[in-house]
Amino acid sequence: MSGNQVIWFIVHKRRVAAGHHDGFRFIEAGRVPGVGPTPPPTHARVTGKSSSSNKRGASRVEIRSNREENMSFFDDTVRLRRLAQEATEYAQFSRRSLLKGAAGVIGGAAFANSAVMASAEEITPPAPGKKVRIGVPLTYGPFNQPWRRGCWQIVKAVLDAGGEVVTVRGEPTKASEQAAARALLDRGIDALVMGIYSQESETAYIADEAHKRGIKTVGFTIPVKDSPAVMDDVWGTATTLGYFVQNYCKRQGTFAQTAEQRGYFTPFDMEVDMFELMCRYEPRMKVLPFIDGGQGTTDEISVGRKNMLSLLQANPEPGSLAGFISWWWPFTLGAGQALKQMNRDDVPLFNHYLSTQFLEAWAAKQVPVVFSCDSPFPEIGRKTGELAVKLARGEDVPNIVYRIPVITKTPDQAAEALTELKSMDEQAIALLKQFGG
């Protein structure tokens, strides 16, 4: 059995066991087994040009319903929950579970020494021991509420384990977080937390210097040279949101997506590229050029509004845009404001990352967001803090990446999520202000 056949066998076996028999396609020797035609959408009429007049073969979807019908997805709880579950299950075939399944088919011996990735659930609290000092850069900005919640849990985990927290305040840029990390090396720390913008190659010199001084290092949402790290599943997030969009829009229409500027935050680049790749093989889907949202030190809500106004002016006809994917919540709010300003109700929004400000608007049905993903920063932070203390106390921790799966939300869950996040943010602000955050 070939590698591709093994992967198909594992995924197909699990999908059938879960009762899913549609929407999964496996192409082998030029055939697509067991897949029927996609049913036409009930809310749109598709007209359009043939592939001869459009290189990508994208159809124009003409929305013929009024505002009340367009916004009816807020009340379509059953359908959205089903699509969310399908998208989540589709993306949950992680590298780890896939390897486990493959080991069962091929034989465990081939995978006996391949432990390079694990679930963060395997991280246990540190054993009692000496008092240690953990360096934590606090370089989040006003829009980085998810990041702040992660730092809150890092600090809380260290304190709960009897450690001491040493912080340096900075800004949400690569230069600032690297400067904060370098400053912490001179503060008598036993372990250093590193994240979230700079990638492994950009911080290798800091990790090398730390290790020369006997300081352990751990990655917070990023990989760090010769160190363990706790990260969200970036590819899984992109796959989950992308698969939801494709199913919701029946794999047809023109789409646009935005995030912070290229090179500023690497996971955004990965997610943008992943969605475009997923649509590249769908002949009725077209993805417009990436919309640059700038850097996190600007008023990103205003930037999102300005960019969406420009997009709507370039696509004035109702139905000319089948969906707008925003990988960062301030841009989503700005896009919603622009839609309201232009009296457009035909462009559904898809969001990544949650904040109290975003959830307040979503729960009040002020933004036409159909679906949102979120990265579990509090859990990532908690596990990162525990790893830092374990390392500082000399516990044996393998230099692998621990992953935490994506969170998904539908409109009916916005109010509950808002209550939860408000509580978290209140606790985060109260604790971090004691450390200059």
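A crossing of two helices is left-handed if the near helix is turned anticlockwise from the far one by less than a right angle, and right-handed if clockwise. The views below are drawn from a predicted model, in which local features need pLDDT of at least 70 and side-chain atom pairs count only at pLDDT 80 or more, while totals for chains, interfaces and linings use all residues. Residues are numbered from 1 along each chain as its sequence is written, and side-chain values use heavy atoms, with hydrogens and water left out.

**View 1. Helix α8 packed against helix α9.** Helix α9 covers residues 266-280, and its axis lies 9 Å from that of α8 at an angle of about 40 degrees (axes are lines fitted to C-alpha atoms, for helices over the stretch in contact, with angles from 0 to 180 degrees between N-to-C directions; helices, H or I of at least four residues, and strands, E of at least two, are DSSP runs numbered from the N terminus). The two helices α8 and α9 are therefore oblique to each other (under 35 degrees counts as roughly parallel, over 145 as roughly antiparallel, 65 to 115 as roughly perpendicular and the rest as oblique). Helix α8 passes α9 in a right-handed crossing.

**View 2. Helix α3 against helix α8.** Here helix α3 (residues 77-91) and helix α8 (residues 234-248) have axes that come within 8 Å and cross at roughly 140 degrees. With that angle, α3 and α8 are therefore oblique to each other, and α3 passes α8 in a right-handed crossing. From α3 the contact draws on R79, L80, L83, A84, E86, A87, T88, Y90 and A91, and from α8 on G236, T239, T240, Y243, F244, N247 and Y248.

**View 3. Helix α12 beside helix α14.** The axes of α12 (residues 356-363) and α14 come within 9 Å of each other and cross at roughly 155 degrees, and the two helices are therefore roughly antiparallel. The crossing of α12 and α14 is left-handed.

**View 4. The largest nonpolar core and the surroundings of F350.** This core has 102 residues, and those with the most contacts inside it are I134, F244 and F350 (a nonpolar core is a set of buried Ala, Val, Leu, Ile, Met, Phe, Trp, Tyr and Cys residues joined through side-chain atoms within 4.5 Å; buried means under 20% relative accessible area, exposed over 50% and partly exposed in between, with a 1.4 Å probe and protein chains only). Helix α14, residues 414-432, gives the most to this core, with 8 residues. When residues up to four places away in sequence are not counted, F350 touches L241, F244, V245, Y248, C249, G323, F324, I325, S326, V370 and F371. A second, separate core of 15 residues includes A180, A181, I222 and V224.

**View 5. P228 and D226 in the loop between β7 and β8.** P228 lies between β7 (216-220) and β8 (229-232), and at 1% relative accessibility it counts as buried. Although P228 and N399 are 171 residues apart along the chain, their C-alpha atoms are separated by 4.1 Å. Leaving out residues up to four places away in sequence, P228 touches T217, V218, G219, L387, L391, V397, P398, N399, I400 and Y402. The loop between β7 and β8 also holds D226, which has a positive phi of about 50 degrees although it is not a glycine.

**View 6. Backbone at I196 and Y353.** A cis peptide bond, with omega of about 10 degrees, joins G195 and I196, and I196 lies in the loop between β6 (191-194) and α7 (200-212). Y353 is found in the loop between β13 (349-352) and α12; its phi is near 80 degrees, a positive value in a residue other than glycine. At 3% relative accessibility, Y353 counts as buried.

**View 7. D299 and P330.** The place of D299 is in the loop between β11 (291-292) and α10 (300-314), where D299 is partly exposed, with a relative accessible area of 42%. D299 and P330 are 31 residues apart in sequence and 8.5 Å apart in space, C-alpha to C-alpha.

Definitions and conventions. Contact = heavy atoms within 4.5 Å.
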